[in-house]
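Dear colleague,

I am passing on the structure below, and I would be glad if you could look through it with the notes that follow beside you.

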Amino acid sequence: VQLVESGGGLVQAGGSLRLSCAASGTIFSINAMYWYRQAPGKQRELVTTITSVGSTTYADSVRGRFTISTDNAKNTVYLQMNSLKPEDTAVYYCRADVRATRFSAERGFWGQGTQVTVSS
């Protein structure tokens, strides 16, 4: 299973970006997908989660500004980021909890990360 992120870049404070993460390979089901971020010198933190039934959670720092969504037919997760702040600057990673076959145990897979830079 591979996860490929796209959509990062440089944006001014107050602007918007939309990240995408597409999962490919042998996939029976995806039970949950996540977005994490890691700023320089800081630990990786969980930003948002979406389950297979559409339940979502958000970190307090992004609630009301970021929205996670999925296209299940494409095994793709999106992160719409609005009202961006300089403190949102980080490498953003997606993660998926995947069962490769109906008999497989669930495993977590990570994308390679995409840089988001918000200038003040």
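Is Trp110 buried, partly exposed or exposed? With a relative accessible area of 39%, Trp110 is partly exposed, where buried means under 20% relative accessible area, exposed means over 50%, and partly exposed lies in between (1.4 Å probe, protein chains only).

Please keep in mind that this is a predicted model, in which local features need pLDDT of at least 70 and side-chain atom pairs count only at pLDDT 80 or more, while totals for chains, interfaces and linings use all residues. Residues are numbered from 1 along each chain as its sequence is written, and side-chain values use heavy atoms, with hydrogens and water left out.

To begin with the rings, there are two aromatic pairs, that is, rings of Phe, Tyr and Trp (its six-membered ring) with centres within 6.5 Å, called stacked if the planes are under 30 degrees apart, edge-to-face if over 60 and tilted otherwise. The rings of Tyr34 and Tyr36 are tilted, because their planes stand at 45°, with the centres 6.2 Å apart. Tyr36 also forms a tilted pair with Trp110, at 4.8 Å centre to centre and 55° between the planes, and this pair links strand S4, which holds Tyr36, to strand S10 (residues 107-110), which holds Trp110, 74 residues apart; strands here are DSSP runs (E, at least two residues), numbered from the N terminus. The charged end of Arg44 sits over the ring of Trp110, 4.8 Å from its centre, which for Arg requires CZ within 6 Å of the ring centre and within 35 degrees of the ring normal (for Lys, NZ is used).

Turning to charges, the count is five salt bridges, each being a side-chain nitrogen of Lys or Arg within 4 Å of a carboxyl oxygen of Asp or Glu. Arg37 forms one with Glu45, where the closest N and O atoms are 2.6 Å apart, and another with Asp88, at 2.9 Å from N to O. Asp88 and Arg37 are both buried, whereas Glu45 is partly exposed at 34% relative accessibility. A network of salt bridges links Arg37, Glu45, Arg65 and Asp88.

Finally, the whole structure contains one disulfide, defined as a pair of cysteine sulfur atoms within 2.5 Å. Cys21 and Cys94 form it, with their sulfur atoms 1.9 Å apart. Cys21 lies in strand S3 (residues 17-24) and Cys94 in strand S9, so the pair ties together parts that are 73 residues apart in sequence.

Methods:
Helices (H or I, at least four residues) and strands (E, at least two) are DSSP runs, numbered from the N terminus.
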